[in-house]
Amino acid sequence: MNTAELVQHFAEQTHPDELEQFDRSTLRDLLTQHETPFLVLDLQEVEYQYSALQKALPGVELFYAIKSLAHPAVIRRLKKLGGSFDLATSGEVDLVKGLGIEGHQCIHTHPIKKDREIRHALDFGCTRFVVDNPDEVLKFIPYKDEVELMIRVSFRSQDAIVDLSRKFGSALEELPGLVNLAMENGLTVSGLSFHVGSQSLSPFAQVNAVQASISAMKEMSHVHWKWLDIGGSFPVSYQGPVMPIEDFCAPIMEALAELPASVKVFAEPGRFISAPSMIEVIRVVGKAKRGARTWYYLDDGVYGALSGQMYDHAKYPIAPLKPVDPTGDFYPSVLAGPTCDSVDVVDEDIELPELAVGDILIAKQMGAYTIASASEFNYYPKPKIVVVEDLIDHTDDE
Ligand SMILES: Cc1ncc(COP(=O)(O)O)c(C=O)c1O
């Protein structure tokens, strides 16, 4: 490489075209039809991610965790693909019921429920519930002839960005006591479940959890084990690369091979299916030079669809829609949301070319835990969702 090529190479490394997978003219067309900010939900991408996970976890039944993105179009598409659903609330029960899904296609995985919520799920025909403590087990006594329980076990993981085993899950040592309590009260225990944490960067917490679950099942051989639910946690790429899903799942599949053939495996993926399926189209509505940085004020921020930055610890890749010369000048910039709160800052440390008021930015990987936790603080309405097919080009993925 000569010097000019080297400079070009490094410039491209530092500032690659974040939007190369998108057809910019399609995005511009959408902009002529919709007021910013808006989210674009690509149903082909939902399908792509679902199929990729199914291929990486052959034989595993996938229950989409609708909490990550409870959009009817996503649920309908997954229903068409033969997907099953992971529910946690009566509202989620009503949503899937309204879309023609039946209770037997669902599991209810919230470890803590009101009696009213149990009855609501049962009326819908969902009979498989997760519990993780004695009080919760006892709540099911009135329904003992209708329900089958899965006991959630806590496996902490340092590799998961969102730790879900601090708040939920029985300790492994408490598991036999819980199983016995349920059985003594005439309840049917049929499975174990765990969730090692969301956006797990390595598969080994899941591998250990599978191995520990198999040992626990063997030790409690008086139980008729029917299911092992390995939760969600499958990662997607935000700022840096993550393991390809087939590599991530390979050691998990290897660990699952030790399960007796009579035990069926479930998973509850949310993020992996929904995150890449949505982008957000945001406009620069103001601009101010403050010290060494240029502040760009956007028409959505952390109180809106970018709320996942607060609740989900995600940092979304954001890039200008206009083509960027990777060898051009980039400046230290700040991206701020529109509300009056100073916490509403999206990125304090981003290098951007000079932008103008009115310019458009695209935030990627905006499907999971984004609009789900958006608020209308300051009376800014939540961004609307525009549903499309085939926004993202995968021809270079192989
Ligand atoms: C019980 C349960 N199942 C599944 C999920 C989905 O996890 P993920 O988005 O990591 O796939 C969650 C996430 O909070 C959860 O709490």
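Reader: Where does Pro-37 lie?

Author: Pro-37 lies in the loop between helix H2 (24-33) and strand S1 (38-42), where helices (H or I, at least four residues) and strands (E, at least two) are DSSP runs numbered from the N terminus. This is a predicted model, in which local features need pLDDT of at least 70 and side-chain atom pairs count only at pLDDT 80 or more, while totals for chains, interfaces and linings use all residues. Residues are numbered from 1 along each chain as its sequence is written, and side-chain values use heavy atoms, with hydrogens and water left out.

Reader: And which peptide bond there is cis?

Author: The cis peptide bond joins Thr-36 and Pro-37, with omega at about -5 degrees. Most peptide bonds are trans, and most residues other than glycine have a negative phi.

Reader: Which strand holds Gln-199, and what is its phi?

Author: Gln-199 sits in strand S9 (residues 198-200), and its phi is near 55 degrees, a positive value in a residue other than glycine. Gln-199 is also buried, at a relative accessible area of 6%; buried means under 20% relative accessible area, exposed over 50%, and partly exposed in between (1.4 Å probe, protein chains only). His-313, in the loop between helix H12 (308-311) and strand S14 (318-320), likewise has a positive phi, near 60 degrees.

Reader: Changing topic, how many residues has the largest nonpolar core?

Author: The largest nonpolar core has 98 residues, and those with the most contacts inside it are Leu-228, Ile-230 and Phe-234. A nonpolar core here is a set of buried Ala, Val, Leu, Ile, Met, Phe, Trp, Tyr and Cys residues joined through side-chain atoms within 4.5 Å. Helix H9 (residues 204-219) gives the largest share of this core, eight residues, and at least three residues come from each of domain 1 (12-41 + 278-388) and domain 2 (70-269), with bounds from an automatic or database domain assignment.

Reader: What does Ile-230 touch?

Author: Not counting residues up to four places away in sequence, Ile-230 touches Phe-194, Gln-206, Val-210, Ile-252, Leu-256, Val-265, Phe-266 and Ala-267, contact meaning heavy atoms within 4.5 Å.

Reader: Now the charges: how many salt bridges does the count come to?

Author: The count comes to 14 salt bridges, each being a side-chain nitrogen of Lys or Arg within 4 Å of a carboxyl oxygen of Asp or Glu. One of them joins Lys-364 to Glu-18, with the closest N and O atoms 3.4 Å apart.

Reader: Which parts does that pair tie together?

Author: Lys-364 lies in the loop between strand S17 (360-363) and strand S18 (384-388), and Glu-18 in the loop between helix H1 (3-14) and H2, so the pair ties together parts that are 346 residues apart in sequence. Lys-364 is buried, at 15% relative accessible area, whereas Glu-18 is partly exposed at 31%.

Reader: Is Asp-86 buried or exposed, and which side chain does it meet in a salt bridge?

Author: Asp-86 is buried, with a relative accessible area of 0%, and it meets the side chain of Lys-67 in a salt bridge (3.7 Å, N to O). Lys-67 is partly exposed, at 35%.

Reader: Which residues are linked in a network?

Author: Glu-47, Arg-77 and Glu-389 are linked in a network of salt bridges.
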